[in-house]
Amino acid sequence: MSQSVLTVRQVRQRINTFGKALILYVIILTIFRHGLSLFEKYLPQVFFNQTPEMVFYVGMNILILILSFFPFNYAGKKLDLDLSKYYKKGISTGNLFIYSCVSLGIYFIFTSFMTLFSIFFSTGFSEVNFLGNYRSVDYIIANIAYFIYVVIVKPFCDEYVFRGVIQRSLGIFGRYFGVISSALLYAFAQGNLIEAIPAFFIGWFLSLITIKYHSIKPTIMIQSLTSLFLYLIKVVPDSFLLLVQIAIFVIYVVVTLFIFSKHRSFASDITSVLNGKLWKILMTSYSIIIVYLIFFINVIISIA
């Protein structure tokens, strides 16, 4: 199937095939960010007299896996994508370390830049965790479930959804149109602007890694290590803050060396990236409109 033989209607159908699954995924992420307090207030019976945090986090892990893998696996089959071989090729330990440092460097740089928005309005990260709250077995389970979500479940789901299905679906219109558009949709899946901007550039970087290895296994591992480091920063005792600062310094050194040691850059397919008609079709497809409307609602909630 090539771009030249597709009508506008066929392109929209292709976008909406994965777009409907993306709506489900974005909705479930939104529930994860804001749902605990709402359920406690309006539907406390769903917790069956158990600790709400434990039930919520364990249940959300299962729900996110179900509403990412199965709908997108179905979409992939409808779009004739062979997903079975797309997460088998691995990555060397050296490259995994370097690319994870680059991903963290992108996160730190753009997150620091976006925090300047706090000068103009109050916003913050919307996901709530229970770090440091281990007063019962239920809360220990809640913390474990949150850790599994952050380090295992979400990295796998994000890569399967955005690099495994969406990038490849849109890549038939141009390799780098698939890179940029999937990164943009990845940004729309975040909870607020402070998370969305770094996510766009991280998504861009991970999409290039996916192209290089023709596999999402390396990017799942990069996402997991990145998330693990950010998680450890939250839980590390104050007495170890110097080690954290040293680690961040090492990350920036590795990123700098990586940038200056590159002998070639990824060539860009400017024709597809700058194709206004393609962008118009993508951004006016009904499923994508719903996705960025949900994003704007999340932004408003984060500011309020």
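Phe48 sits in the loop between α1 and α2. In this predicted model, the phi of Phe48 is near 50°, a positive value in a residue other than glycine. Asn49 is also placed in the loop between α1 and α2, and its phi is positive too, near 60°. Asp80, which follows α2, has a positive phi near 60°. Most residues other than glycine have a negative phi. Phe48 is exposed, with a relative accessibility of 64%, and Asn49 counts as exposed at 81%.

**Helix lengths**

Helix α2 covers residues 52-78, which is 27 residues. From its first C-alpha to its last, α2 reaches 38 Å, close to the 39 Å expected at 1.5 Å a residue. Helix α5 (residues 175-188) has 14 residues and should span 20 Å at 1.5 Å a residue; its end C-alpha atoms are 20 Å apart, which agrees.

Two packed helices are described by the angle between their axes and the distance between the axes.

| Pair | Angle between axes | Distance between axes |
|---|---|---|
| α1 and α4 | roughly 160° | within 11 Å |
| α2 and α4 | about 15° | 8 Å |

The axes of α1 (residues 8-42) and α4 cross at roughly 160°, and that angle makes α1 roughly antiparallel to α4. The crossing of α1 past α4 is left-handed. On the α1 side, the contact is made by Arg14, Ile15, Phe18, Leu22, Tyr25, Leu29 and Phe32. On the α4 side, the contributing residues include Tyr146, Tyr149, Lys154, Cys157, Asp158 and Val161. Further along α4, Phe162, Val165, Ile166, Ser169 and Leu170 also take part in the contact with α1. By class, the residues of this α1 and α4 contact are 14 nonpolar, one polar and three charged.

With an angle of about 15° between them, α2 and α4 are roughly parallel to each other, because angles under 35 degrees count as such. The crossing of α2 and α4 is left-handed. The contact of α2 with α4 comprises 21 nonpolar, three polar and two charged residues.

**Buried positions**

Twelve of the 14 residues of α5 are buried, so α5 is largely enclosed by the rest of the structure. The buried residues of α5 are Tyr176, Phe177, Gly178, Val179, Ile180, Ser181, Ser182, Ala183, Leu185, Tyr186, Ala187 and Phe188.

Gln167 belongs to helix α4 (residues 137-171). The relative accessible area of Gln167 is 4%, and Gln167 is therefore buried, the cut-off being under 20%.

Tyr231 lies in helix α7 (residues 217-235). Its relative accessibility is 10%, so Tyr231 counts as buried. Tyr231 and Phe147 are 84 residues apart in sequence, and their C-alpha atoms are 7.9 Å apart in space.

Terms used:
Residues are numbered from 1 along each chain as its sequence is written. This is a predicted model: local features need pLDDT of at least 70, side-chain atom pairs count only at pLDDT 80 or more; totals for chains, interfaces and linings use all residues. Side-chain values use heavy atoms; hydrogens and water are left out. Helices (H or I, at least four residues) and strands (E, at least two) are DSSP runs, numbered from the N terminus. The expected span of a helix is 1.5 Å times one less than its number of residues. Buried means under 20% relative accessible area, exposed over 50%, partly exposed in between (1.4 Å probe, protein chains only). Axes are lines fitted to C-alpha atoms, for helices over the stretch in contact, and angles run from 0 to 180 degrees between N-to-C directions. Angles under 35 degrees count as roughly parallel, over 145 as roughly antiparallel, 65 to 115 as roughly perpendicular and the rest as oblique. A crossing is left-handed if the near helix is turned anticlockwise from the far one by less than a right angle, and right-handed if clockwise. Contact means heavy atoms within 4.5 Å. Ala, Val, Leu, Ile, Met, Phe, Trp, Tyr, Cys and Pro count as nonpolar, Asp, Glu, Lys and Arg as charged, and the others, Gly among them, as polar.
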